[in-house]
Amino acid sequence: MSIIWNSSILKEIANAKSNRIWKATGLEIDSRKVKKGDLFCAIKGSNLDGHNFIKGAMRNGAVACLVSNNNSPSNEIAFAKVNSVIKTIEKMAIEARRRSKAKFVAITGSVGKTGTKDMFRTSFSKVTDIFASQSSFNNHIGVPVSLSQIPESALFCCLEVGMNKKGEIKKLSELIKPDLAIITAVEQSHLQGLKDLRNIALAKSEILYSLPKYGCFIFNKDTNFSQMLNDKAIKLKINNIISYGISDCANIKLINFKLNNNVYYIKANCFEKIIEWEMPAIGEHWIHNSLSIIATGIYYDLDMPCILEGLKSFKLPFGRGNTIKLNIKGNSFLIIDDSYNSNPASLSASLKRLAEIKNKGKKIVVLGDMLELGEKSLDLHKSFKRKIETGQINVLFTTGQYMRGLYNIIDNDFKKYHDDNLDSLVIKLKALIERDDVVLI
């Protein structure tokens, strides 16, 4: 592996004072994930201080540690001291972006960011050298860290960008300087800070400000305020605008899909050319997200058959609807793990996917509160009453103050349980599970 950081570069860009010469082939902020040759960055967060995990990072193979000036590691290890580890990582991100020769793809949206980014990694790796950020590294720490991890060999770099208030995406996009930007969806999330869908759309559209006029904007034609997004891109004089979805006027239009033996068979019209591909049966919304991958491949004139082959092997990221087969006392059952995060759009998609599954046992749903929905929280939770009662669900478990509101209005003939004690809830859930059940969490 090639060297991406060393003591002399950090001295030059951040006035870092190293106790010895060191060279790193990677960068990591989680001591448990450190690999041989990494620079471990000891970030001090609100809950944990990375300086307390330096020994573990060194055991895992870190060649050096980036530390703040008020911390003094043992001289037995290589380290670089700076005033602020986080601000130094931001400087490293700027330097990494400046020297990289990769094409940069930035993805934002209320739902689907991480999965779409991982879809890029899977499909584009078939045709080019691509780097994609790990996990949900999409905030003021995650984006600079991801930029600082880019290998010199990368020809494409795909990063996701998140937010919960105005201005965040603008700042992160200025770091990324994308060549191509994607907005997957504008849905009801982060309402606590943004109040309504229009403000969410405006916040998401901040990704366009750092897009060069010769760049490309790809967006979901079916989402809320899609016309406003399109108009904003035109106003900013972005030369290349590609829409996707089921809309007749989408540049890449989903024609149909069929589900057979746990595989989706999909057909789309891409700029008047018919393209067909397969994907695992992981939920219809992932078919729509895959259209953005195809749009990017077309824009960069990449080998489409190879990209489509990559979509065929796509697997969901952890906690985003991936399935787990488990066994309790001889009863084999399936869990759909959608526990990472939730908002009304993602919950609707999960319930729709559950309805598609054909199983011999019960369908059990376990719902926790959807957060950051502001003053509309209770009403948005209660709005799922009909979908629960008519969605072929046999048992409902709820936990949290807002889900209690939903629980209270569900028909009393419906088999339902509410418990704010998670240990107690799990005991009740395990007692109900039988062979061939499906549990959506």
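This is a predicted model: local features need pLDDT of at least 70, side-chain atom pairs count only at pLDDT 80 or more; totals for chains, interfaces and linings use all residues.
Lys-204 is buried and yet has no salt bridge; the nearest side chain of opposite charge is that of Glu-168, at 8.7 Å, whereas a salt bridge would call for a distance within 4 Å. What the side chain of Lys-204 does have is a polar atom that lies 3.3 Å from the backbone oxygen of Gly-109. Leaving aside residues up to four places away in sequence, Lys-204 touches Thr-108, Gly-109 and Ser-110, together with Met-163, Ile-169 and Ile-183.

The side chain of Lys-416 reaches the backbone oxygen of Tyr-407 at 2.8 Å. Tyr-407 is also among the residues that Lys-416 touches, along with Leu-396, Asn-408, Ile-410 and Asp-411, when residues up to four places away in sequence are not counted.

When the whole structure is searched, one cavity of 30 Å³ or more is found, and the largest cavity holds about 50 Å³ of space. Its lining includes Ile-282, His-285, Trp-286, Arg-320, Asp-338, Arg-353 and Leu-440. The elements giving two or more residues to this lining are α10 (284-299) and α12 (344-356), and α12 provides the largest share, with three residues.

Notes
Residues are numbered from 1 along each chain as its sequence is written. Side-chain values use heavy atoms; hydrogens and water are left out. Buried means under 20% relative accessible area, exposed over 50%, partly exposed in between (1.4 Å probe, protein chains only). Lys and Arg count as positive and Asp and Glu as negative; His and the chain ends are not counted. A polar contact is a pair of N or O atoms within 3.5 Å; within protein, one must be able to donate a hydrogen and the other to accept it, and residues adjacent in sequence count only if both atoms are side-chain atoms. Contact means heavy atoms within 4.5 Å. On a 1 Å grid over the protein atoms alone, a cavity is a set of points where a 1.4 Å probe fits but cannot get out, and a pocket is an open set with protein on both sides within 12 Å along at least five of seven lines; lining residues have an atom within 4 Å of a point. Grid points are joined across faces, edges and corners, and a volume is the space filled by probe spheres set on the points. Helices (H or I, at least four residues) and strands (E, at least two) are DSSP runs, numbered from the N terminus.
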